Amino acid sequence: MNAYFLTAQDARRMLLSRGAVRLNLDLRKTNRTWEVTREGDEFIFPDGTRVSRDVIERIARDEGSVYFVKDGGVYKAAIAGEHFYKLVPTIPPTIEINGIRMHRTKEVNPLQDTRNKVNTVKPKEGETVLDTCMGLGYTAIEASKRGAYVITIEKDPNVIELAKINPWSRELFTGGKIQVIHGDAFEVVKRFNDESFDVVIHDPPRFSLAGQLYSEEFYRELFRVLKPGGRLFHYVGNPGKKYRRKDLQRGVMERLRKAGFVSVKRVEEALGVVARKPGKKGK
């Protein structure tokens with residue numbers, strides 16, 4: 001394994017141990033466990049890395065973060081720059097940017113949230129899917145597991161770096177059925193040929209951060225790149241009070257219809273809207 005991952009809960013188990021302790025060290029991506037041994041005030045990981053008790057105590061106090069042991073060091077799965085990004089130890093992890101989580105984590109976990117979205121358009125074997133906003137890549141991975149080839153776009157290089165760290169995102173870079181494009185979806189989509197995709201899954205950031213991804217202009221591009229009969233899912237989310245969400249959903253649905261989509265309707269379970277491009281005969 002390239003790295004061993006630790007949460008506050010894992011660190012507390014280590015501190016309670018007097019000798020060796022077996023832990024899952026891949027954020028429960030698998031059921032596998034690894035042995036961490038203890039010698040005095042040091043903990044020894046399977047690759048031989050020695051970590052002091054002080055460091056483990058600090059991790060034990062940090063409930064909202066993920067840490068990893070790699071190449072003899074201990075690191076927080078976080079990036080500080082113009083914004084502060086970190087992996088949050090939900091299962092599977094989500095990204096938090098300036099305190100805002102990128103997945104639903106209260107009613108459902110991020111994996112259930114992803115499946116709710118993908119189930120609205122049901123990608124199939126041999127289809128091609130456009131995933132407009134990659135994030136940690138769970139949507140792209142889920143669609144590829146159903147047999148589709150996926151092109152996924154991510155604008156933020158810091159998000160891509162956290163995806164490379166996150167064990168739950170590994171298939172993005174190793175599976176062979178997913179192409180990752182670093183760029184702004186608003187511009188990247190213009191480069192695709194007409195009728196390139198069977199399915200589009202559009203899961204943009206909130207409207208206040210990426211208004212152009214909710215524009216009729218962008219929806220017309222998504223319409224153009226979809227094949228006749230192609231399916232679209234558009235995540236809208238729950239931005240504040242219910243009346244605001246309904247207003248946002250209503251505007252999304254109106255603009256989708258103006259762009260040419262039909263069968264536009266809400267899907268409450270996935271907090272979004274589905275639509276399709278008419279077939280060759282307008283059906």
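These exercises walk through a predicted model of a protein chain.

Local features here need pLDDT of at least 70 and side-chain atom pairs count only at pLDDT 80 or more, while totals for chains, interfaces and linings use all residues. Residues are numbered from 1 along each chain as its sequence is written, and side-chain values use heavy atoms, with hydrogens and water left out.

**Exercise 1. The chain as a whole**

Task: State how many helices and strands the protein chain has, and what share of its 283 residues is buried.

Solution. 
Step 1. The protein chain has nine helices and 18 strands. Both are DSSP runs numbered from the N terminus: helices are H or I with at least four residues, strands are E with at least two.
Step 2. Buried residues account for 51% of the 283. Buried means under 20% relative accessible area, exposed over 50%, and partly exposed in between (1.4 Å probe, protein chains only).
Step 3. For the extent of the chain, take the principal axes: the C-alpha trace spans about 75 × 40 × 30 Å.

**Exercise 2. Surroundings of Arg220**

Task: Find which residues Arg220 contacts, leaving aside neighbours within four places in sequence.

Solution. 
Step 1. Locate Arg220 in helix α8, residues 216–225. Its relative accessibility is 41%, so Arg220 counts as partly exposed.
Step 2. The residues in contact with Arg220 are Lys258 and Ala259.
Step 3. Arg220 and Lys258 are 38 residues apart in sequence, and their C-alpha atoms are 8.5 Å apart in space.
Step 4. A polar atom of the Arg220 side chain lies 2.9 Å from the backbone oxygen of Lys258.

**Exercise 3. Aromatic rings**

Task: Classify the pair Phe68 and Tyr75 and the pair Phe186 and Phe218 by the angle between their planes.

Solution. 
Step 1. Recall the rule: rings of Phe, Tyr and Trp (its six-membered ring) pair if their centres lie within 6.5 Å; planes under 30 degrees apart count as stacked, over 60 as edge-to-face and the rest as tilted. The structure holds eight aromatic pairs.
Step 2. Phe68 and Tyr75 are 5.5 Å centre to centre with 35 degrees between the planes, a tilted pair. Phe68 is buried at 10% relative accessibility, whereas Tyr75 is partly exposed at 41%.
Step 3. For Phe186 and Phe218 the centres are 6.0 Å apart and the planes at 25 degrees, so the pair is stacked. Phe186 belongs to helix α7 (residues 185–188) and Phe218 to helix α8, so the pair ties together parts 32 residues apart in sequence. Both Phe186 and Phe218 are buried.
Step 4. Ring pairs also link Tyr4, Trp34 and Phe45 into a cluster.

Notes
Contact means heavy atoms within 4.5 Å. A polar contact is a pair of N or O atoms within 3.5 Å; within protein, one must be able to donate a hydrogen and the other to accept it, and residues adjacent in sequence count only if both atoms are side-chain atoms.
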